Amino acid sequence: MEPEAAAARAGAVPVAPASIVLALLAARRLLRPVRRLRTATERMAAGGLGTRVTVTGDDELADLGRAFNSMAATLQADAETLRAMEERARRFAADVSHELRTPLAAMSAVTGVLDADAASGRLPPVTAEALALVSDETRRLTRLIEDLIEVSRFDAGAAVPHLDEVDLGELIGKTLALRHWDGRVRTGLPSGLRVRLDPRRVDVILANLIGNALRHGGPDVSVSVRVEADPERVAVVVADDGPGIPDELLPHVFDRFTKGDSARGRSEGSGLGLAIAAENARLHGGALTAAPAPGGGTVMTLTLPRQPAP
């Protein structure tokens, strides 16, 4: 038996490596289309909806490749349809906003004259009360239209910052003084901190943050400025001691048409103010964040580069 066993081992030794090589080649041939499918799936997940795989043969793997290509074509067509619908909706909102701007300007002028008559007592009380309601709604609609036009500029990529080097503390002081808030807000503003920014757009951001804090926060509202760990970045912090933003609303506070009280159908704001403020911050290469204050209330932080990239 020993010579026979030796002969069997001698015959098996050269066969085993050959079998292993053949098995590896077969496995490689089977795994190659699987790898191609995995790579194509990763590309689609990254947004490459035009990804397709090359299909050869008529086996189950080839059928899987054809099914993948069919699915990818359907997804690409659906995505293109959605993009076209979104573009038409944006264009419609922009066109309607521009069309309403002129008649609203005329209405605002007329209600302004009538408001003066009502204030002087030349109108009956019932008429003056009705006029006050019309004036408030006209002003609210005008603000909404202006906000929608600004949003349409961001969506179209037409919003361009006009940069100027300014003293940040002076700019915040002017924002407060212009709206008669300087006596209602505690400030910690440095002197001589020069930052290159668009004064009008940063004023819009600050007016929104401080105005919201005064309307919805507690009586103690503060504005302070600090230089970040990166000395090329500065932060403007607006804090209040109010009830704060609900936890479920906090991640969406900068989304469009988000309001603090979703149960109310109407409120003074349009729900676009913080969204526009966040867009203006990004336009500068900065960021706008919201967080609960340690002792209650809300902290809004505007971070800006001292020298925005071109």
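Mentor: Contact here means heavy atoms within 4.5 Å. The model is predicted.

Trainee: Leaving aside neighbours within four places in sequence, which residues is Thr138 in contact with?

Mentor: Start with its place: Thr138 is in helix H3, residues 125-156. Set aside the neighbours within four places in sequence. The contacts of Thr138 are then Leu104, Met107, Ser108 and Thr111.

Trainee: Is Thr138 buried or exposed?

Mentor: Buried means under 20% relative accessible area. The relative accessible area of Thr138 is 4%. Thr138 is therefore buried.

Trainee: Which backbone oxygen does the side chain of Thr138 reach?

Mentor: Look for a polar contact, a pair of N or O atoms within 3.5 Å. The side chain of Thr138 has one at 2.8 Å. The backbone oxygen belongs to Val134.

Trainee: In what sense do strands S1 and S3 pair?

Mentor: S1 covers residues 164-167, and S3 covers residues 194-197. Asp164 stands opposite Leu197 in S3. Over 4 bridges, the sense is antiparallel.

Trainee: Which residues form the covered face of S3?

Mentor: Take the uncovered face of S3 away: Arg194 and Arg196. That leaves Val195 and Leu197.

Trainee: How far apart are the end C-alpha atoms of helix H5?

Mentor: H5 runs over residues 199-216, 18 residues. At 1.5 Å a residue, H5 should span 26 Å. The distance in the model agrees: 25 Å.

Trainee: At the start of H5, which backbone nitrogen does a side-chain oxygen of Asp198 reach?

Mentor: The oxygen of Asp198 comes to within 3.1 Å of that nitrogen. The nitrogen belongs to Arg200.

Note on methods. Residues numbered from 1 in each chain as written. Predicted model: local features only at pLDDT ≥ 70, side-chain atom pairs only at ≥ 80, totals over all residues. Heavy atoms only, no water. Buried < 20%, exposed > 50% of the residue type's maximum accessible area, 1.4 Å probe, protein only. Helix = DSSP H or I, 4+ residues; strand = E, 2+ residues; numbered from the N terminus. Pairing = 2+ DSSP bridges. Expected span 1.5 Å × (residues − 1). Polar contact = N/O pair within 3.5 Å; in protein donor to acceptor, adjacent residues only side chain to side chain.
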